[in-house]
Amino acid sequence: QVQLVESGGGLVQPGGSLRLSCAASGSIFSINDMGWYRQAPGKQRELVAGITSGGSTNYADSVKGRFTISRDNAKNTVYLQMNSLKPEDTAVYYCKAVVVHSLYEYDYWGQGTQVTVSS
């Protein structure tokens with residue numbers, strides 16, 4: 001069993017910054033791709049940023065230049081640094097990890113953390 005625990009969400013004013021963290025623990029041989037998704041009320045969950053085990057990254061167009069994804073493989077942790085936040089960034093943010101154990105890959109999700117951007 002694998003658990004993903006997120007932290008770092010909260011309320012921030014427009015133009016502010018937040019840093020999200022997501023730590024994986026449990027029966028882990030290795031972790032391949034990791035990523036952050038978000039879901040706003042009434043909208044579908046969307047990919048915000050992804051990072052491979054080798055460090056290659058990709059971003060949604062709406063966050064390019066403002067958000068930075070990174071990971072610490074030794075700690076099985078992925079981060080999302082969010083700068084210049086806008087009200088439209090308000091959503092529940094979820095981390096996802098593609099975990100290898102027992103020779104197979106499995107997708108795991110965190111419980112979600114609320115990010116609210118408002119004055």
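## Close-up views of a predicted model

**View 1. Gly110 sits in the loop between β10 (104–109) and β11.** Strands such as these are DSSP runs of E with at least two residues, numbered from the N terminus. Gly110 is buried, with a relative accessible area of 11%; buried means under 20% relative accessible area, with a 1.4 Å probe and protein chains only. Although Gly110 and Val5 are 105 residues apart along the chain, their C-alpha atoms are separated by 5.7 Å. Not counting residues up to four places away in sequence, Gly110 touches Leu4, Glu6, Tyr94 and Cys95, where contact means heavy atoms within 4.5 Å.

This is a predicted model, so local features need pLDDT of at least 70 and side-chain atom pairs count only at pLDDT 80 or more, while totals for chains, interfaces and linings use all residues. Residues are numbered from 1 along each chain as its sequence is written, and side-chain values use heavy atoms, leaving out hydrogens and water.

**View 2. Cys22 and Cys95 are joined by a disulfide.** The link is right-handed, with 45° about the S-S bond. Cys22 lies in strand β3 and Cys95 in strand β9, 73 residues apart. Cys22 is buried at 1% relative accessibility, and Cys95 is buried at 0%.

Definitions and conventions: Helices (H or I, at least four residues) and strands (E, at least two) are DSSP runs, numbered from the N terminus. Buried means under 20% relative accessible area, exposed over 50%, partly exposed in between (1.4 Å probe, protein chains only). A disulfide is a pair of cysteine sulfur atoms within 2.5 Å.
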